[in-house]
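Dear colleague,

I am passing on the structure we talked about, together with some notes on its aromatic side chains. Please have it open beside this message while you read.

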Amino acid sequence: MYCHSHVLIKEAEYFSDRLSDNWPTCQIIDSRNCVEVYCQESDFDHHVTFLRLLYSITDGSDSDIWHGVRNALGILRVAVELRCHLIITSCVNYLEAVPWEEAEEEEILQIIPSMGSEAQSILARLQPVNVKAIIGIFLSAVRFATSSPPPSMNDLKNSAQEQLEYMLTEDDDAPLLTADDEIKTEVRECVKRLLSRFNNLIDSLCEPNESVSESGRMQLYKSYVIDLSWVCQILIKLESMKEFVNSWLDLSEKMVKAIEIAIANHELLEIKLKLVEVTAKVLEAVGYGNVILPTAKRIHIVKVWLPFVRVTKPIIDSATKNGMDEDMVLKMDGELWQSLESAFVSIILALPSNDQAEILTEWLQSNDIQYPDLTEAFEVWCYRSKVAKRRLDLLDTAARD
């Protein structure tokens, strides 16, 4: 290509050096008339564009001259190589300001770090955020996600909930933040307010109120239970399930009563399924010793939720099998049913023997004996009961000796 030497010298340090009297080969005939710049074939067009820009660029604010992120990256590589600070600055300003696609972002991460300090500001949007900023956005998102916004904002709420769970998840990367006592306290307060609103709704459902549509209240009931199912996931990650478990236990009878008096429809099945999901998480926390409850409360939680689950599973299975659930919203992971069953068994086996006997007697007399299958609890109870006198006698003998 033919270019004017005064343009090359003015804008690019490489050409200024190459065409100066100080260049080692400056005395060789024609060495100052022909400058060779070596490049890969894939970069040839970027070199041509770079040379054209030397004639036309002023401040680079016109985005049309760059023709996209990838092209600007190619020109930037050339500008860095030939040390043209005006084009470097213009490319950087452009790349800082425009959106990137995922593939472009990965390419930027590969290229920019090796380009020196002039280009590093391009990576500003990818830099780690300080802890204070992370905590601020986390708590703001928690407050919104648990605020029970109107249905028109469900998509925003769901997105906030997904991102909060992602922030706390350990995958290929560590969680975005480690929750301290202050964060846990604020989350618990948000959950407490959500549970309080849920309690008020349940009270209204348990009392006839013709001025308020039952359909509307059941929609709200479903929304609350979906939110509480998500809350469990967050509290489990924060190791803060104790207060939630106690609150869920206190509300259990009223929750079940509200469902029993509601008009049966497809939406009611969805609510029952969500109740089962939350109850499974609560029972797991109790059954595996993560939350310690007194005996009376453990008996109560079994007596309330065991009959509910026993009746609900066949209904949901039947609805799914008969094609009533076209959108598959009633589909529940088989592992969750199994986990729920295991949690019941663990809780029952930790109760006093007489209470175990009462629960197992009721189970054996039930028409829905298949689920939850308490066979393991029954076998352990039989063994313990049969050997109890001998084992305790041995202990008494050892104590006297």
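A charge is said to sit over a ring if NZ of Lys or CZ of Arg is within 6 Å of the ring centre and within 35 degrees of the ring normal. By that rule K313 lies over the face of Y371, at 5.3 Å from the ring centre, and R125 is placed over the face of W100, at 3.6 Å from the ring centre. Please bear in mind that this is a predicted model.

F198 counts as buried because its relative accessibility is 0%, and Y221, with a relative accessible area of 0%, is buried.

W363 and F378 also form an edge-to-face pair, at 6.4 Å centre to centre and with 65° between the planes. Here too distant parts of the chain are linked, with W363 in helix α15 (residues 353-364) and F378 in helix α16 (residues 375-400), 15 residues apart. W363 has a relative accessible area of 4% and is therefore buried, whereas F378, at 28% relative accessibility, counts as partly exposed.

Finally, F244, W248, W305 and F308 come together in one aromatic cluster.

Definitions and conventions. Residues numbered from 1 in each chain as written. Predicted model: local features only at pLDDT ≥ 70, side-chain atom pairs only at ≥ 80, totals over all residues. Heavy atoms only, no water. Buried < 20%, exposed > 50% of the residue type's maximum accessible area, 1.4 Å probe, protein only. Phe/Tyr/Trp six-rings, centres within 6.5 Å; stacked < 30°, edge-to-face > 60°. Helix = DSSP H or I, 4+ residues; strand = E, 2+ residues; numbered from the N terminus.
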